[in-house]
Amino acid sequence: MHGSTAPWLAFSADFGGTEATLVFHAEDADPWFVRCAGYPGIGRSLAWEEPVLTTAANPVSRSVRVLVADGRLGRTQIAGLLAESGIPA
């Protein structure tokens, strides 16, 4: 997923004896930054190919929604969860 521009990505893991899935969703087209070595890290890469210029008159704004679900979810379950939440997949 690192470098992809998919609208969402999911991360499933065991969190202290409880399995869960985190679903990250963003409506912009910035690539995902994903770190797996050492510790997990997920975010948007605003300057993947070139710098993003901003000024007070032209601010940069991004948002990421995160849904937290019990258990390890598959693609179909995630699509259903997004639909139930009113989030376009």
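This is a dialogue about how terms are applied to one predicted model.

Tutor: The model is predicted, so local features need pLDDT of at least 70, side-chain atom pairs count only at pLDDT 80 or more, and totals for chains, interfaces and linings use all residues. Residues are numbered from 1 along each chain as its sequence is written, and side-chain values use heavy atoms, with hydrogens and water left out.

Student: What makes Glu27 exposed?

Tutor: Buried means under 20% relative accessible area, exposed over 50%, and partly exposed in between, with a 1.4 Å probe and protein chains only. Glu27 has 59%, so Glu27 is exposed. Arg65, with 39%, is therefore partly exposed.

Student: Which salt bridges does Arg62 form with Asp28 and Asp30?

Tutor: Arg62 meets Asp30 at 2.3 Å, N to O. In this pair, Arg62 is in the loop between strand 4 and strand 5, while Asp30 is in the loop between strand 2 and strand 3, 32 residues apart. For Arg62 and Asp28 the closest N and O atoms are 3.9 Å apart. Asp28, Asp30, Arg44 and Arg62 are linked in a network of salt bridges.

Student: Why is Asp30 called buried?

Tutor: Asp30 has 10% relative accessibility, so Asp30 counts as buried. Arg62, at 39%, counts as partly exposed.

Student: How do you know that strand 2 and strand 5 pair?

Tutor: Two strands pair if DSSP finds at least two bridges between them. Strand 2 (residues 18-25) and strand 5 are joined by 6 bridges and run antiparallel.

Student: Why do strand 1 and strand 5 stand at the edges?

Tutor: The open sheet of 3 strands has the order 1-2-5, with antiparallel pairing. Strand 1 (8-15) and strand 5 each have a single partner strand, so one side of each is left without a neighbour in the sheet.

Methods
Helices (H or I, at least four residues) and strands (E, at least two) are DSSP runs, numbered from the N terminus. A salt bridge is a side-chain nitrogen of Lys or Arg within 4 Å of a carboxyl oxygen of Asp or Glu.
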